[in-house]
Amino acid sequence: MNDLLNHPAVQGGLAPFVAALIVALVLGRARLAGLAVVAAFCATVYLVSGFVFEPLSATRRIVLLALAAPVIGIVVDFAFKPTRLGTAILALAAGLATIWVFWPVLQQKDVKIVLSLGGGSALFVAWLVGFSQSFLSQHPIRAGAAGLGLGIGVGVTAVLSASALYGIYGISLAAGAGAFLLPQMLGGKKFEAGATFMLPLALTVGLLAAATLILAQLPWYSLLALAFIPLAARLPAPEKFPLWIQAVAISACTLAVAAATIALTWQSGGMLPA
Amino acid sequence: MSRLALPLLALVLPLTAIAAPETYTLDPFHTFANFSIDHLGFSTMYGRFDKSSGKFILDKAAKTGSLELTVETASINAADNEKGSRQRSRDDHLRSPDFFNVAEYPRMTYKSTGVKFNGDNLATVEGNLTLLGVTKPVVLQMDRWKCGPNPFNKKEMCGGNASGALKRSDFGMKFGLPVAVGDEVKLMIGFEAYKE
């Protein structure tokens, strides 16, 4: 059993998928199926590194924010109506959270690097959170497809950029998004996504990508390419078709951008995939 | 009384000088922290840190002393630094957050809390290793120890080999456990230091 739980495919794929599927099915009627993505991430963190927060490294700050984000998401969904101001506040908070996560690293660097790496990362995370909250959170199929593309994109590029840990974390988010999509595809009935799903997903995946940029070897232009994945989830889709066709079509778009980002990152290592 | 004081002082002063603590600065060109670790349960992999610095203070008469060693984690060298056509080398991976997280924790430090002598030779150093922001006690055994003049430049120096062991999981370095990369890390430090 221990051998099974120590396998990366189980830690980053199977275990988070099963945990997310259970949460989506159990909490779907309570409009909390979006917690599936947090369940997936938590399952992987538990299996890979455990919930330890001392000393509070950048990676542990990301885990801490991933745990706090669904609480904020639930409050946003159940206590407030979606407004542009609310979305702007969430995006700004995500940007500031990015600076908080990486400040111990950034303060050791030159001002130029602080502005480029820190500022660029904060903008990237704010963009993911702001755009996904504005344009994807009310569309559970598009939200799930964006999560699938972002998780795969960030996960695989992290592995290519020398961090298998961030790779497994990213892929666990994709597994969570997949588990959120699957019952909708099979049952033909939509879950609620909202900030409960979109905020933890966009914030965590964004911070993981930024961590791969700042702490590992992700090229900056790969981060830029990843930013197009949520846009791909907004491309026109056959709204009148069954949900599973919509999910496949939109996921194909987000995964295509993720694949392009992976190829770009691979090329930076000196060789394009054959 | 005052007639006796001066000769007595003259006798005591050289003894005091012998007993004074001596400070030695580690020679970065001849001081390397080496390590070995199990890989996949099949073999032992070796590596070292190319850059380190520090000093130690010894009071040979009182048999006391202290040691401070700083190792630049980005200087890790596990004999695989050229990635070639691969995406990354093993050294790249060791520098990443999976292992040493060098961007966030560029240094690890060792500060002694006590030393033990075996006769005139330094035998054991007890101290605390700080790695990835976690501080844990690590004991270093002196496998070899010698002090004397450098045969070429005649400068007074001490040198030797120290060894110890630690569990990397104690420092939060858990990636690859328990199958891919072992938990126990063996340390082998070769060092030379010149008296200031």
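**Interface, core and backbone**

Mentor: In the contact between the two chains, 18 residues of chain B touch 24 residues of chain A. Please keep in mind that this is a predicted model.

Trainee: How do the residues on the chain B side divide into nonpolar, polar and charged?

Mentor: The side of chain B that touches chain A has 6 nonpolar, 7 polar and 5 charged residues.

Trainee: Changing topic, which residues have the most contacts inside the largest nonpolar core?

Mentor: They are A20(A), A36(A), V37(A), A40(A) and F180(A), in a core of 136 residues. Helix α9 of chain A, residues 194-215, gives the largest share of this core, with 16 residues.

Trainee: And what does V37(A) touch?

Mentor: Leaving aside residues up to four places away in sequence, V37(A) touches A20(A), G147(A), L173(A), G176(A), A177(A), F180(A), F197(A), P200(A) and L201(A).

Trainee: At what angle do α2(A) and α3(A) cross?

Mentor: The axis of α2(A), residues 8-27, crosses that of α3(A) at roughly 140°, and the two come within 7 Å. That angle makes α2(A) oblique to α3(A). The crossing is right-handed.

Trainee: Which residues meet there?

Mentor: On the α2(A) side they include Q11(A), G12(A), A15(A) and F17(A), and on the α3(A) side A36(A), V37(A), A40(A) and F41(A) are among them. The residues of this contact divide into 15 nonpolar, 3 polar and no charged.

Trainee: What about α5(A) against α9(A), how do they pack?

Mentor: Helix α5 of chain A, residues 84-106, packs on α9(A) at an angle of about 35°, with the axes 11 Å apart. Here too the crossing is right-handed. From α5(A) the contact uses L90(A), A94(A), T98(A), V101(A), F102(A) and V105(A), while α9(A) supplies L199(A), L203(A), L207(A), A210(A), I214(A) and L215(A). By class, the residues of this contact are 11 nonpolar, 1 polar and no charged.

Trainee: Now the backbone. Where are the cis peptide bonds you noted?

Mentor: In chain A, a cis bond joins E54(A) and P55(A), with omega about -5°. P55(A) sits in the loop between α3 (36-48) and α4 (58-79). In chain B, the bond from L177(B) to P178(B) is cis, with omega near -5°. P178(B) belongs to the loop between β10 (156-167) and β11 (181-195).

Trainee: Which residues other than glycine did you note with a positive phi?

Mentor: I noted A162(A), with phi near 85°, and K63(B), with phi near 55°. A162(A) lies in the loop between α7 (140-160) and α8 (164-187) of chain A, and K63(B) in the loop between β4 (52-59) and β5 (64-72) of chain B.

Trainee: Is A162(A) buried or exposed? And why?

Mentor: A162(A) is buried, because 28 other C-beta atoms lie within 10 Å and the cut-off is 20 or more. K63(B) is partly exposed, since its count within 10 Å is 15 other C-beta atoms.

Trainee: One last item, where is N150(B) found?

Mentor: N150(B) is in the loop between β9 (134-149) and β10 of chain B. With 13 other C-beta atoms within 10 Å, N150(B) is partly exposed. Not counting residues up to four places away in sequence, N150(B) touches K155(B) and M157(B). The C-alpha atoms of N150(B) and D92(B) are separated by 37 Å, and these residues are 58 apart along the chain.

Terms used: Residues numbered from 1 in each chain as written. Chains lettered and ligands numbered in written order. Predicted model: local features only at pLDDT ≥ 70, side-chain atom pairs only at ≥ 80, totals over all residues. Contact = placed C-beta atoms within 7 Å. Nonpolar A, V, L, I, M, F, W, Y, C, P; charged D, E, K, R; others polar. Core = buried A, V, L, I, M, F, W, Y, C linked by C-beta atoms within 7 Å. Buried ≥ 20, exposed ≤ 12 C-beta atoms within 10 Å, placed from the backbone. Helix = DSSP H or I, 4+ residues; strand = E, 2+ residues; numbered from the N terminus. Axes fitted to C-alpha atoms, helices over the stretch in contact; angles between N-to-C directions. Left-handed = near helix turned anticlockwise from the far one by under 90°. Parallel < 35°, antiparallel > 145°, perpendicular 65-115°, else oblique.
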